[in-house]
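Here is a short briefing on one protein chain. Have the sequence and the model at hand as you read.

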Amino acid sequence: MKNIGFLSFGHWSDSPQSATRSGADALLQSIDLAVAAEELGADGAYFRVHHFARQLASPLPLLAAIGARTSRIEIGTGVIDMRYENPLHLAENAAAADLISGGRLQLGISRGSPEQVIAGYKYFGFEPPEGMSDADMARGHTQVLLEVLKGDGFAEPNPRPMFPNPPGRLPLEPRSPGLRDRIWWGAGSRATAEWTAAQGMNLMSSTLLTEDTGVPFHQLQAEQIQRFRDAWAAAGHEREPRVSVSRSIFPLVSDVDRAYFGRESGSTDQVGFLEGGSARFGRTYAAEPDRLIEELREDEAIAAADTLLITVPNQLGVDYNAHVIESLLTHVAPALGWR
């Protein structure tokens with residue numbers, strides 16, 4: 001068995017070819033797709049976060065709305081860029097969304113990826129202290145987030161408060177027990193995966209790694225996962241960690257599928273440069289179900305992960321994306337033992 005969810009970037013465009021024409025469309029269709037995915041038997045609804053772009057940027061109100069409309073499906077992010085975040089506000093908002101959903105929030109966070117503007121976090125009021133990088137700042141914000149999610153009191157109470165206080169220092173409210181164990185870090189390298197394990201966070205790995213050793217992407221990612229698990233064991237954490245990977249997977253079961261994605265059949269890894277270093281990008285899987293099953297069976301990273309997130313082309317509309325999810329769950333997942 002494997003948890004299977006979708007990952008949406010929430011793009012919108014006023015192009016006549018787009019079924020998602022505005023920010024309102026992106027948000028409301030995301031809710032509808034999550035409801036449909038739950039009805040189809042999927043396990044998760046996850047959303048990418050980008051600022052200064054026609055994409056989803058403020059995920060927690062969206063996740064709270066999805067939590068109120070659904071009852072079983074996990075809701076999450078993949079990922080929130082911690083360079084932009086006040087960790088105390090994030091902790092409060094995440095706890096509220098988690099409580100609304102009944103403890104189904106899976107909060108994916110990270111240092112983030114290249115954005116639409118230069119050093120966009122500065123416009124949000126954040127700038128790395130002298131001698132620190134923006135990645136250092138993101139990790140610093142993360143340490144604060146992880147600490148306050150423990151629920152311990154740290155703030156000195158007012159001796160003359162408006163409302164009565166419990167004794168001692170005060171924690172953030174509301175608190176959601178268990179949320180600390182449902183924080184994921186989006187790791188782009190093997191070393192970062194090891195750091196993630198040391199912090200006691202789950203591992204979220206996408207179709208991009210910011211390094212290249214010459215081996216196929218899925219093998220490099222499988223090595224990353226193994227290093228994460230080894231570091232987790234060495235750190236002595238008491239619980240079992242979770243690992244997710246993302247893939248673009250399109251079973252070609254209709255003429256519409258073949259028109260949209262038939263050209264991706266035979267896709268291969270790509271190697272390029274990102275922020276001054278080598279990067280390896282994973283392939284797209286698009287084929288008739290029988291062939292797709294055999295190709296996915298060889299993906300070592302999917303085999304090593306407990307959670308698979310399939311990226312969806314959200315501008316093709318809710319109905320088509322629900323069809324993609326249903327096709328995977330019906331025509332592919334059972335043959336691979338995922339269902």
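Helices (H or I, at least four residues) and strands (E, at least two) are DSSP runs, numbered from the N terminus. This is a predicted model: local features need pLDDT of at least 70, side-chain atom pairs count only at pLDDT 80 or more, and totals for chains, interfaces and linings use all residues. Residues are numbered from 1 along each chain as its sequence is written, and side-chain values use heavy atoms, with hydrogens and water left out.

**Overall build**

- The protein chain has 10 helices and 13 strands.
- Its radius of gyration is 20 Å, which agrees with the value near 20 Å for a compact globule of 339 residues. The radius is taken over C-alpha atoms, and the globule rule is 2.2 Å times the number of residues to the power 0.38.
- The C-alpha trace spans about 70 × 40 × 40 Å along its principal axes.
- Of the 339 residues, 53% count as buried. Buried means under 20% relative accessible area, exposed over 50%, and partly exposed in between (1.4 Å probe, protein chains only).

**Aromatic contacts**

- There are 11 aromatic pairs in the structure. Rings of Phe, Tyr and Trp (its six-membered ring) pair if their centres lie within 6.5 Å; planes under 30 degrees apart count as stacked, over 60 as edge-to-face and the rest as tilted.
- Phenylalanine 228 and tryptophan 232 make a tilted pair, 5.8 Å centre to centre with 50° between the planes. They sit 4 residues apart in helix H6 (residues 217-235), so about one helical turn separates them. Both phenylalanine 228 and tryptophan 232 are buried.
- Phenylalanine 250 and phenylalanine 261 are stacked, at 3.8 Å centre to centre and 5° between the planes. Phenylalanine 250 is in strand S9 (residues 243-251) and phenylalanine 261 is in helix H7 (residues 255-261), so this pair ties together parts 11 residues apart in sequence. Phenylalanine 250 and phenylalanine 261 are both buried.
- A cluster of rings joins Phe52, Tyr84, Tyr121, Tyr123 and Phe124 through ring pairs.
- Arginine 139 lies over the face of tryptophan 195, 4.1 Å from the ring centre. A charge sits over a ring if NZ of Lys or CZ of Arg is within 6 Å of the ring centre and within 35 degrees of the ring normal.

**Pockets and cavity**

- On a 1 Å grid over the protein atoms alone, a cavity is a set of points where a 1.4 Å probe fits but cannot get out, and a pocket is an open set with protein on both sides within 12 Å along at least five of seven lines; lining residues have an atom within 4 Å of a point. Grid points are joined across faces, edges and corners, and a volume is the space filled by probe spheres set on the points.
- The largest pocket holds about 1,200 Å³ of space. Its lining has 45 residues, with Arg48, Ser113, Ser206, Thr207 and Leu208 nearest the centre.
- Elements that each supply at least two residues of that lining include helix H4 (134-148), strand S6 (183-186) and strand S13 (307-312).
- By class, the lining of the largest pocket has 16 nonpolar, 23 polar and 6 charged residues. Ala, Val, Leu, Ile, Met, Phe, Trp, Tyr, Cys and Pro count as nonpolar, Asp, Glu, Lys and Arg as charged, and the others, Gly among them, as polar.
- The second largest pocket has a volume of about 240 Å³. Of its 15 lining residues, Ser58, Pro59, Leu60, Glu85 and Asn93 are closest to the centre.
- Helix H2 (59-69) and helix H3 (87-101) each give at least two residues to the lining of the second largest pocket.
- There is 1 cavity of 30 Å³ or more. The largest cavity has a volume of about 80 Å³, and its lining includes no charged residues.

- Most residues other than glycine have a negative phi, and most peptide bonds are trans.
- The bond from glycine 78 to valine 79 is cis, with omega near 10°. Valine 79 is in the loop between strand S3 (74-77) and strand S4 (80-81).
- The bond from glutamate 173 to proline 174 is also cis, with omega near -5°. Proline 174 is in the loop between H4 and S6.
- Phenylalanine 52 has a positive phi of about 55°. At 42% relative accessibility, phenylalanine 52 counts as partly exposed.
- Alanine 119 has a positive phi near 50°. Alanine 119 is in the loop between strand S5 (105-110) and H4.
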